[in-house]
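Please look over the structure shown below before reading my comments, which are set out as numbered points.

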Amino acid sequence: MTTIDTMAITVVLPEAFDERWGRLPGIRVDGRRITIDPAEYFFRFESSTWLVADWELVKSQLRDVEETTESTVEQLALEFIKTHARSTSDAARVLATAYEVYTYVFRDEHLAGLGLPQITAEHLRMLREAATLMALNKVELDGHISNVGPCWFFPAATSVVFDLDDEMGGLLDEVYHGGWFNEYRRIESIKAHAALGGRLVHGCQSVPDQSGGVVAPYGAAMATFRDDLAAFKAGWIEQVYAHRVSPAA
């Protein structure tokens, strides 16, 4: 593990997280308060700065803007990021912003149109919590992955924390990275992720090849990202699964 010297990360969020996040090394949940020890939590932690924009500004200036034949939603998001996003070393701000983003993206009103009756409001809460923590992961413009925590490997982390079996863990991952997004919600997601300085990208095509996701800056070198991810993912996924309290059925 490569780790820079840094202090513990502490944030108080609007709602309490599941205390079982404490099954993973370096994270402690006390109601709404989450404390992360980067040296224990991250597999790789080389950068303590992130790009964020104010969520209220995203809602007021970007959320309801429509793309045109001359200006795509990706261009709108990029221009917003260029104008409004700022670098921060305040990891608590990143987590608080991410919580707002994912409370919006994974909101209960979408359940009816999802077409997956197995997925409940409780599953959406799991998605919101895991995706919030995922926001501390980071990819550089050259494609190098600088920060990797357990929530990079989404099915593994949620299976450990929420006692999900492989089937449900995989289904939740499908909702997270594929099945959740029709085109309308994909557009919604692109706009929302402008608050986290980029777009949501995935290193995998489907559940059997779980490679996780990250909010990457526009213009990041995806070929380098793919190669860097392939080099480390298997061993770190195994380490995450090792924290299961009991073998999944």
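This is a predicted model: local features need pLDDT of at least 70, side-chain atom pairs count only at pLDDT 80 or more; totals for chains, interfaces and linings use all residues.

1. Residues are numbered from 1 along each chain as its sequence is written, and side-chain values use heavy atoms, with hydrogens and water left out.

2. An open sheet of three strands runs in the order E2-E4-E3 with antiparallel pairing, where strands (E, at least two residues) and helices (H or I, at least four) are DSSP runs numbered from the N terminus, and two strands pair if DSSP finds at least two bridges between them. Strand E2 (9-12) and strand E3 (27-30) are the edge strands, each pairing on one side only.

3. E3 and strand E4 (residues 33-36) pair in the antiparallel sense over four bridges, and Ile-27 has Ile-36 in E4 as its bridge partner. Helix H4 (residues 91-105) packs on the sheet, touching E2 and E4, with contact meaning heavy atoms within 4.5 Å; the direction of H4 makes about 40 degrees with that of E2, on axes fitted to C-alpha atoms, for helices over the stretch in contact, with angles from 0 to 180 degrees between N-to-C directions.

4. Which residues lie nearest the centre of the second largest pocket? Among its 13 lining residues, they are Arg-63, Glu-66, Tyr-184, Ile-187 and Lys-191. A pocket is an open set of points on a 1 Å grid over the protein atoms alone, where a 1.4 Å probe fits, with protein on both sides within 12 Å along at least five of seven lines, and lining residues have an atom within 4 Å of a point. H8 gives the most to this lining, with five residues.
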